[in-house]
Amino acid sequence: MHFTTLVGVAAVLAESASAHYIFSKLVVNNQVSNDWEYIRQTTRQVNYYPTKFYKTFDNLTPNDNDFRCNLGSFQNAGKTKVATVAAGDTLGMKLFYDAKVQHPGPGQVWMSKAPSGNVKEYEGDGEWFKIWEKTLCNENGDLTKDAWCTYGMDRFEFQIPKDTPAGEYLVRAEHMGLHGAQANEAEFYYSCAQVKVTGDGNGAPAQTYKIPGLYNDNMVLFNGLNLWVDKAAQINADIAKTPIGDAPWTGGGSAQQSSSGNDKNQNQNQNQNQNQNQNQNQNQGASAPSNGNSWNSWNPWSKQNAAAQGSDATHTDANCNGGMH
């Protein structure tokens, strides 16, 4: 590993403790709420700690149910207010203590409708859809800093699509710090606001998702990406292999057209497996036994399956001779 790369990685990791953040305020019609007025407060001892797959702060990972709205936040749902907004309104989710995003990585905003109509009773175990995202803005810029659109933001501002049906929703803002991804230490910063959407919208996103299930650490973007070495084209390719690469829903569609992004990806990967098995049969003259597992890059799957498929997504310390690269 290059010495300059090692110095750069060490410097950013050393700064990480002072650069953590969390979304705590909702901005409606340019009015900034109090902390945790409309956003479910986490029960973490230090509320701005990120969630990680590896070297976690409190054992919470993106594979856990609390990855929906942050650790213990559902305990505070009942005392969190519900903001009334109109479909088409522009909202914002602002960081705690006037902080700014100081890590390189993409940002997204997701929504999920409360099936019962009462968002205070909703844990977020239903379908989610993406309405906003920001990734790389300057592919020739510093990929460890302001090449990312979100770098330096103190809030995410986004529009509730005009076609959003009326009802109560969770709105989840999320930022990812990729400065530690080369060591399986990508950081996730996120919170959920509770809102009531009014209007006569009747659209539906073509793709929905489950949380947890969005991400896993076999995705190179979170485990293997190296911002000090990789080029923008490679980073964009890694993004495209995750739900971050899917376009946000901005309106249109109908309930009949809506489908699960996880199911869609599973079907694609099953077809891919079938083609690979056919090729193996032709080359080997015999069919390989099936273990019944599908190749689904959006849901957790075993490293054994990854190796069997010839994936380069699995990243371990052994690949790096025990160090970061």
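Student: What pLDDT does the chain average, and how many of the residues score at least 70?

Tutor: pLDDT is the predictor's confidence in each residue, from 0 to 100. Here the chain averages 81, and 73% of the residues score at least 70. This is a predicted model, in which local features need pLDDT of at least 70 and side-chain atom pairs count only at pLDDT 80 or more, while totals for chains, interfaces and linings use all residues. Residues are numbered from 1 along each chain as its sequence is written, and side-chain values use heavy atoms, leaving out hydrogens and water.

Student: Where does pLDDT stay under 50?

Tutor: Where pLDDT is low, the predicted coordinates should not be read in detail. Look at residues 1–17, where pLDDT stays under 50, and at residues 263–325, where pLDDT also stays under 50.

Student: Which secondary structure does the chain have?

Tutor: Helices (H or I, at least four residues) and strands (E, at least two) are DSSP runs, numbered from the N terminus. This chain has four helices and 11 strands.

Student: How many residues are in the largest nonpolar core, and which touch the most other members?

Tutor: A nonpolar core is a set of buried Ala, Val, Leu, Ile, Met, Phe, Trp, Tyr and Cys residues joined through side-chain atoms within 4.5 Å. Buried means under 20% relative accessible area, exposed over 50%, partly exposed in between (1.4 Å probe, protein chains only). The largest core has 34 residues, of which Leu178, Phe188, Tyr215, Phe222 and Ile235 touch the most other members. Strand E8 (167–177), strand E9 (187–198) and helix H2 (232–240) each give two or more residues to this core. Another core, of 31 residues, lies apart from it and includes Val28 and Trp36.

How values were computed:
Contact means heavy atoms within 4.5 Å.
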